[in-house]
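Q: Give me a close look at one spot in this chain, starting from a single residue. After that, carry on into the packing elsewhere, and tell me the cut-offs as you go.

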Amino acid sequence: MSQSCIAALDGGGTKTLLVVLRQDMTLSDICRAEGSNPFDQPLWYERLKSLFARLPANTAAAGLGLAGFGESPLLSECQRSLVCETFAHMPHFLTNDVDLARNGAFAGDEGILLLSGTGSMAWGAQRGGKTCRVGGWGNLMGDEGSAFWIGRRALGIVTAILDERNTMDKAFLNPFLKAMGILSDPSASLLNWYGNLTHERSEVAALSRIVGQQAELGCPTSCRLLREASAELALHIQTARQNLACPDLPWSYAGGTLQSMFMRNVIAETCGVPWPPRLSPVGGGLLAAARLVGWPVDDQWISTLAQTLREADLAH
């Protein structure tokens with residue numbers, strides 16, 4: 001008879017990840033799909049349903065974090081209905097994807113998780129159940145310090161240079177455009193790039209990687225952009241600490257933008273050194289599922305899970 005397993009799903013704005021873990025701590029399945037945020041992904045329902053259909057019959061519990069959950073009552077009810085329909089026969093844990101990342105980073109303990117990926121948000125939780133959310137308003141109304149925010153500001157600098165409204169940052173232009181694949185006729189090529197976007201939010205967010213690479217090479221404009229983004233993110237942490245009346249609550253991080261040590265170090269100047277995440281966001285889902293089903297979770301179990309996820313390149 002096959003051993004029981006648990007599942008976790010990390011449903012973000014740009015990508016969705018499903019992982020199935022056997023009781024012997026080996027991975028049974030890893031499946032990736034495009035984003036599943038109902039605010040800007042029209043196919044979110046179909047993507048989740050397709051991933052859920054992969055779950056083996058011996059799945060004993062699941063931990064799920066969904067972008068947008070708990071934000072819009074109407075959309076959250078649609079998400080909850082799909083999850084309940086799929087997991088009605090088993091214990092399951094459903095929360096926002098940022099709270100799932102917090103659960104992983106602190107292995108269920110208290111702390112503030114700062115997320116900066118396509119969007120940005122901070123989620124704090126204290127022992128006793130008090131929680132606080134800061135940010136997460138989407139790119140139209142917020143997402144300060146996110147990959148989209150950085151990419152959008154970089155594009156603004158590029159267009160201002162092309163117009164000659166900005167003469168201070170001229171050295172930023174050619175390396176940035178070259179990294180975008182724009183080698184000639186920059187104004188026309190940039191507009192052509194814009195006209196061919198298929199998912200504006202994630203494709204603009206991807207430009208933040210270029211800013212990060214240029215910052216590592218010492219580009220003053222890129223360093224300034226990342227410092228501005230870091231200041232916005234630090235404010236998220238400070239606000240969460242204030243709202244939870246706990247000025248020393250530790251913080252950790254998740255999301256592609258915060259893999260940048262440059263940004264983490266800038267944030268640390270005002271918020272203190274972050275706690276390295278004990279588990280990735282999907283690890284937070286597996287941890288929740290394991291506890292639901294009564295697996296013997298202890299520090300050794302968490303360390304073994306972290307190693308398993310690292311070896312599978314699922315540590316972030």
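A: L18 sits in strand β2 (residues 15-22); strands here are DSSP runs of E with at least two residues, helices are runs of H or I with at least four, and both are numbered from the N terminus. Bear in mind that this is a predicted model, where local features need pLDDT of at least 70 and side-chain atom pairs count only at pLDDT 80 or more, while totals for chains, interfaces and linings use all residues. Residue numbers start from 1 along each chain as its sequence is written, and side-chain values use heavy atoms, with hydrogens and water left out.

With a relative accessible area of 3%, L18 is buried; the label means under 20%, while exposed means over 50% and partly exposed is in between, using a 1.4 Å probe and protein chains only. Skip the residues up to four places away in sequence, and L18 still touches A8, L9, D29, I30, C31, L51, R54 and L55, where contact means heavy atoms within 4.5 Å. D29 from that list is 11 residues from L18 in sequence, and their C-alpha atoms are 7.7 Å apart.

Next up is W44, in helix α1 (residues 44-52). W44 is buried too, since its relative accessible area is 9%. Ignoring residues up to four places away, W44 touches S36, N37, P38, C78, Q79 and L82. For a sense of scale, W44 and M180 are 136 residues apart in sequence and 28 Å apart from C-alpha to C-alpha.

M180 brings us to the largest nonpolar core, which has 44 residues; L114, F172, F176, M180, W251 and I267 are the members touching the most others. Helix α5 (residues 147-163) supplies nine residues, the largest share of that core. Another core lies apart from it, with 22 residues, including L17, L21, L27 and L286. By nonpolar core I mean a set of buried Ala, Val, Leu, Ile, Met, Phe, Trp, Tyr and Cys residues joined through side-chain atoms within 4.5 Å.

Now for some helix pairs. Two packed helices are described by the angle between their axes and the distance between the axes. Helix α6 (residues 170-180) and helix α9 (residues 208-216) have axes that come within 10 Å and cross at roughly 135°. That angle makes α6 oblique to α9. The axes are lines fitted to C-alpha atoms, for helices over the stretch in contact, with angles from 0 to 180 degrees between N-to-C directions. Under 35 degrees counts as roughly parallel, over 145 as roughly antiparallel, 65 to 115 as roughly perpendicular, and the rest as oblique.

From α6, P175, F176, A179 and M180 meet I210, V211 and Q214 of α9. By class, that contact has six nonpolar residues, one polar and no charged ones. Nonpolar covers Ala, Val, Leu, Ile, Met, Phe, Trp, Tyr, Cys and Pro, charged covers Asp, Glu, Lys and Arg, and the others, Gly among them, are polar.

The second pair is helix α10 (residues 220-243) with helix α11 (residues 261-271), whose axes come within 8 Å and cross at roughly 45°. That angle puts α10 and α11 in the oblique class, and their crossing is right-handed. On the α10 side the contact uses C223, L226, R227, A229, S230, L233, A234, I237, Q238 and R241, and on the α11 side F262, M263, V266, I267, E269, T270 and C271. Sorted by class, the α10 and α11 contact has 11 nonpolar, three polar and three charged residues.

L233 of α10 deserves a moment. At 0% relative accessible area, L233 is buried. Beyond its neighbours within four places in sequence, L233 is in contact with L114, S116, S120, E144, G145, L258, M263 and I267. E200, by comparison, is 33 residues from L233 along the chain, with 22 Å between the C-alpha atoms.

To finish, a backbone detail. A245, in the loop between α10 and β9 (251-254), has a positive phi of about 55° despite not being a glycine. A245 counts as exposed because its relative accessibility is 64%. A107 also has a positive phi, near 50°, and lies in the loop between α3 and β6 (111-116). A107 is buried, at 9% relative accessibility.

Note on methods
Left-handed = near helix turned anticlockwise from the far one by under 90°.
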